[in-house]
Amino acid sequence: MSRIDLLRVPLLGPFLGWRHTRTLLQALCLGLAVLIILDGLFGPQLAPRNLAGTLPWVHWRGFVVLALLIAGNLFCMACPFMLPRRLAKRFGPARWSWPAPLRSKWVAVAALILFFWAYEAFALWSSPWLTAWVALSYFALAFVIDGFFKGASFCRHLCPIGQFHFVNSMVSPTEVAVRDPDVCASCETLDCIRGRYDPETAAAHRSKQLARPPDAASGRALGLEGLVQGGCELALFQPRKGGNADCTFCLECIHACPHDNVGIVLRSPVQELIADEKRSGTGRIPRRLDWAALILLLTFAAWVNALGMTEPVFRLQAWIASWAGTGSRQFVLALYFVFGLIGLPFLVTLLTASASRALSSLHEPLTRTIPAYAPALVPVGFAMWTAHYLFHFLVGGLTIVPVVQEYLRDLGIAATGPPRWGAGALVPESWLLPIEIVILQGGLLLTLVAGHRIASRREPDRRSAGRAFLPWAVLATLLTGAGIWLLTQPMEMRGTFEAL
Ligand code: SF4
Ligand code: SF4
């Protein structure tokens with residue numbers, strides 16, 4: 001059955017297929033990033049009155065979860081850090097390979113933990129100045145790393161924002177995929193991964209390189225000389241790629257394929273979670289502990305992050321600080337994140353996987369059980385992120401109006417009138433909880449479907465599949481229940497005047 005291909009949808013298809021679309025989106029985002037940095041460094045330091053205090057923490061996060069939910073990894077597609085990266089590739093040596101011991105998700109896991117902790121410890125959401133410096137540091141890091149290393153090392157191995165998108169886009173309804181596998185089977189150039197070269201260079205490469213496995217021979221690996229169109233920098237070879245993991249939606253493969261054989265197709269949101277075949281670039285995700293750690297971290301972080309801004313947790317942290325005899329909230333925060341992002345996921349996963357194994361017919365080490373079921377938890381985690389970020393977006397979405405008015409007034413443009421500081425909510429307050437509950441329950445449903453199908457694939461019969469799946473179903477249900485409780489707690493209205 002042929003799948004719906006967005007590149008063949010009128011208007012949308014030609015726009016997505018236009019070779020400058022990505023550069024245009026990146027330039028727009030880069031322009032916004034520059035405005036955010038300038039306002040963060042030189043504008044008013046009251047977060048709700050500053051672009052750096054509102055756009056990244058209220059609007060951008062709302063947009064990215066909506067984009068992941070209804071389309072795919074649109075943030076990486078429009079990522080503003082890509083343009084400086086491209087400059088770095090052009091002018092830097094960009095010829096070292098990323099160190100072999102670091103070719104996994106462990107560095108990214110550490111970077112994410114650091115980011116979640118820093119967000120709360122330095123109250124980044126309330127400091128436009130620090131937000132501006134985080135953005136500048138991000139630009140500098142992407143520039144330096146990709147100036148020295150080949151391929152998309154920063155995106156693939158380090159970028160915390162990228163990892164958030166790689167994991168959560170596993171449930172997105174679209175993916176970049178081949179249209180007709182038979183065309184790939186007879187393809188001789190493999191341009192989607194190697195890139196397209198001018199005819200002379202291409203002939204030289206073909207005679208020397210065609211025997212090499214495609215994964216090891218991305219376009220950048222063959223060199224930039226004579227390169228007309230880059231191939232996949234993430235080492236995802238289209239005929240063996242499966243899903244959105246590690247895909248930045250850069251669309252290079254679409255432009256590189258000489259047979260017009262790559263599209264953006266619609267798919268089931270659980271398809272990628274239950275797949276177990278070896279994929280190009282990522283290998284078998286249900287057998288990789290580093291991917292399991294990344295998924296579990298992002299799942300539990302959804303709760304830890306939201307919980308960190310509720311009244312009961314503030315009171316608990318104050319009580320622990322006084323009980324421990326330390327006046328420092330930083331000490332308690334560090335404990336909170338070590339326990340919430342490392343200790344708790346480790347203990348809960350160990351318990352759940354042990355119960356699942358005890359009830360299953362399989363006799364396998366937990367290091368096989370945990371990565372096998374971890375992908376099923378992506379939907380509940382993503383649902384919690386979505387409910388949380390949409391809450392802030394729906395409560396404070398209109399704050400952008402007075403902030404832009406003030407920004408323009410500071411530049412001497414008064415045409416938009418005095419800032420309307422009362423603007424804020426996008427929907428009535430009574431809508432918020434029902435919307436959040438629907439999202440959480442949708443995530444739970446997808447997790448239950450994916451978990452059951454994983455168990456059915458692994459177990460020899462339906463009864464043992466049901467038993468092995470049960471502990472994971474209980475965990476997902478408890479997480480969803482905890483999410484609903486959490487969203488009914490008094491929460492800081494970050495990015496709005498109610499936070500002050
Ligand atoms: S996607 Fe295009 S370039 Fe890549 S193998 Fe298939 S036909 Fe060849
Ligand atoms: S080139 Fe690679 S990262 Fe870019 S869209 Fe294609 S598969 Fe995804």
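The structure is a predicted model, with an average pLDDT of 89 for the protein. The domain assignment divides the protein into domain 1 (6-171 + 283-499) and domain 2 (174-266).

**Surroundings of F143**

- F143 belongs to helix α7, which covers residues 128-148.
- Leaving aside residues up to four places away in sequence, F143 touches P84, R85 and A88.
- R95 is 48 residues from F143 in sequence, and their C-alpha atoms are 14 Å apart in space.

**Confidence**

- A pLDDT of at least 70 is reached by 93% of the residues.

**Domains and their contact**

- The centres of domain 1 and domain 2, taken over C-alpha atoms, are separated by 30 Å.
- In the contact between the domains, 21 residues of domain 1 meet 20 residues of domain 2.
- On the side of domain 1 that touches domain 2, α1 (12-17), α4 (74-77) and α8 (153-158) each supply at least two residues.
- Helix α4 provides the largest share of that side, with three residues.
- By class, the side of domain 1 that touches domain 2 comprises 12 nonpolar, five polar and four charged residues.

**Nonpolar cores**

- In soluble globular proteins, nonpolar side chains tend to be buried together.
- The largest nonpolar core in this model has 116 residues, and L294, I295, L297, W303 and M384 have the most contacts inside it.
- Helix α16 (residues 289-307) gives the most to this core, namely 15 residues.
- Both domain 1 and domain 2 contribute to the core, with at least three residues each.
- Apart from this core lies another of 10 residues, including I36, I37, L55 and A135.
- L294, one of the residues with the most contacts inside the largest core, touches K105, A108, V109, Q163 and V167, not counting residues up to four places away in sequence.

**Helix α9**

- Helix α9 (residues 160-168) is largely enclosed by the rest of the structure, because seven of its nine residues are buried.
- The buried residues of α9 are G162, Q163, F164, H165, F166, V167 and N168.
- The cover over these buried residues includes α3 (51-70), α4, α6 (106-121), α8, α16 and α20 (378-396).
- Two of the buried residues of α9, Q163 and V167, are touched by L294.

**Ligand shells**

- Around ligand 1 there are 13 residues, of which C184, C187, C192, Q238 and C257 come nearest.
- Helices α10 (181-185) and α11 (191-194) are the elements that give two or more residues to the shell around ligand 1.
- The shell around ligand 1 holds nine nonpolar residues, three polar residues and one charged residue.
- Ligand 2 is surrounded by V176, C232, L234, L236, K241, C247, T248, F249, C250, L251, E252 and C253.
- The shell around ligand 2 consists of nine nonpolar residues, one polar residue and two charged residues.

Conventions. Residues numbered from 1 in each chain as written. Chains lettered and ligands numbered in written order. Predicted model: local features only at pLDDT ≥ 70, side-chain atom pairs only at ≥ 80, totals over all residues. Near = placed C-beta within 6 Å. Helix = DSSP H or I, 4+ residues; strand = E, 2+ residues; numbered from the N terminus. Nonpolar A, V, L, I, M, F, W, Y, C, P; charged D, E, K, R; others polar. Core = buried A, V, L, I, M, F, W, Y, C linked by C-beta atoms within 7 Å. Buried ≥ 20, exposed ≤ 12 C-beta atoms within 10 Å, placed from the backbone. Domains from an automatic or database assignment. Contact = placed C-beta atoms within 7 Å. pLDDT = per-residue confidence, 0-100.
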